[in-house]
Amino acid sequence: MTTRSGDGEAATSAPCPAPSSLRRIDLAEARRLWHEASDEELMQLAQGVRARFHRPDHATYMVMRIINYTNVCVAQCDYCAFYVLPNQAGGYVLSRGEVFAKIDELLDVGGDLVGFNGGFNPKLPLDYYCDLFAAVRERYGDRVEFYALTIAEFLYLADHAGLTHAEAAARLRDSGVHWVTGGGSEILTEDFRKRHAKFKYTVREYFEAQRAIVDSGMKTTATMVIGFDETLDERLEHLQRTRDFQDECMRDGLDGLFSFLCWTYKPYGTAFGGREISPQEYWRHMALSRIFLDNVKHFRTSVLTQNEDAFRALDFGADDFDLPIEDEVTQKAGATIELDLDGLLAVPRSLGYTVEYRRAERPAALTA
Ligand code: SF4
């Protein structure tokens, strides 16, 4: 039986002995910090690690839209309110014109980042994706950047096409793709996946695919979702595996993971149900992740699932965020999207941060 990892209650008694902000912590120290450190102590340690990479009072952001190109999916994750099964009512695949219209709207509001995210749709072969991404690149050039798929979708497509991860990565790259994201990772333990997403891929396959993306010259990211029924040890295993992966990439002279984004589970309309965690628990987790995952430069806080509360995570180690204008997956599960972008940006400013727009970079290995 699993137990939730705690409500993020801060200890209020004696201060927790703090590790030096320059020293890497292990799992036992992470566990101790979670249980014993106050919010203030976690914040200070996280800010120490953040300061190795970023100015303390500075944050970056992007305006983006997730384009959910299909909601048909065979994976049947019990925490998902978005999918329908093949041949079920309500299934859709967006036309090329609908995709372009959504990108045009994004450009109109000053955004330039698209995330393509859909389901494991057995009727869409790899060629569908390669043609779509090539068409987007041809029409928009570098005016928009796009995250083409999550690692979860990438694995399904490679498998479906009978290709190795390296072969599938090369096909995407040669279609004009620069970025894939680590989305679909949720909690990276085999047990969590058996409980909630048994038709998805294994943790070992996830990291093999991540490595194939990195080796291909494309860029990729790390993600995590908290607030299901995962234990503290499962959260820490996820962070340990991610840190180990990044260490290996860096040892091999590769950039590895560009960023780490953590968001929170939305339970509404899902088979699993449950409740939302508190903003305080999210901030504490962001801080602990920043302290533990000391080899990833960018930490991204989730405005999509935490709204204005997300900005407080800048004090807990985050340095970057998206302002999303659409994501059907989380909206179906209860996320609400605020479209007053100036109003949202006023919040981090009121917390003392200067905010600067960040354009997604073309990977150096793919520079024309
Ligand atoms: S989370 Fe993704 S993979 Fe899982 S059922 Fe939903 S759309 Fe499919």
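1. In this predicted model, helix α8 passes helix α9 in a right-handed crossing. Helix α8 covers residues 203-216 and helix α9 covers residues 232-251; their axes come within 12 Å and cross at roughly 30 degrees. Since angles under 35 degrees count as roughly parallel, α8 and α9 are therefore roughly parallel to each other.

2. The contact between these two helices can be read residue by residue. On the α8 side stand Val-203, Phe-207, Gln-210 and Val-214, and they meet Arg-241, Phe-245 and Cys-249 of α9. By class, the residues of the contact of α8 with α9 comprise 5 nonpolar, 1 polar and 1 charged.

3. Helix α9 also packs against helix α1, which is formed by residues 27-36. The axes of α1 and α9 lie 11 Å apart, at an angle of about 135 degrees. This angle makes α1 oblique to α9. The crossing of α1 past α9 is right-handed.

4. Which residues of α1 meet α9? They are Leu-27, Ala-30, Arg-31 and Trp-34, and their partners in α9 are Leu-232, Leu-236 and Gln-240. The contact of α1 with α9 divides into 5 nonpolar residues, 1 polar residue and 1 charged residue.

5. A further helix pair is α4, residues 126-140, and α6, residues 165-174. Their axes come within 8 Å and cross at roughly 30 degrees, which makes α4 roughly parallel to α6. Leu-126, Cys-130 and Phe-133 of α4 form this contact with Ala-168, Arg-171 and Leu-172 of α6. Its residues divide into 5 nonpolar, no polar and 1 charged.

6. Around the ligand are Cys-73, Ala-75, Gln-76, Cys-77, Cys-80, Phe-82, Tyr-83, Gly-119, Phe-120, Ala-152 and Ala-197. How many residues of this shell are nonpolar, polar or charged? The shell around the ligand has 9 nonpolar and 2 polar residues, and no charged residues.

7. As to the chain as a whole, its secondary structure comes to 13 helices and 9 strands. The C-alpha trace spans about 60 × 45 × 40 Å along its principal axes. For 368 residues, a compact globule would have a radius of gyration near 21 Å, and the chain, with 20 Å, agrees with this.

Notes
Residues are numbered from 1 along each chain as its sequence is written. This is a predicted model: local features need pLDDT of at least 70, side-chain atom pairs count only at pLDDT 80 or more; totals for chains, interfaces and linings use all residues. Axes are lines fitted to C-alpha atoms, for helices over the stretch in contact, and angles run from 0 to 180 degrees between N-to-C directions. Helices (H or I, at least four residues) and strands (E, at least two) are DSSP runs, numbered from the N terminus. Angles under 35 degrees count as roughly parallel, over 145 as roughly antiparallel, 65 to 115 as roughly perpendicular and the rest as oblique. A crossing is left-handed if the near helix is turned anticlockwise from the far one by less than a right angle, and right-handed if clockwise. Two residues are in contact if their C-beta atoms, placed from the backbone, lie within 7 Å. Ala, Val, Leu, Ile, Met, Phe, Trp, Tyr, Cys and Pro count as nonpolar, Asp, Glu, Lys and Arg as charged, and the others, Gly among them, as polar. A residue is near a molecule or strand if its C-beta atom, placed from the backbone, lies within 6 Å of it. The radius of gyration is taken over C-alpha atoms; the globule rule is 2.2 Å times the number of residues to the power 0.38.
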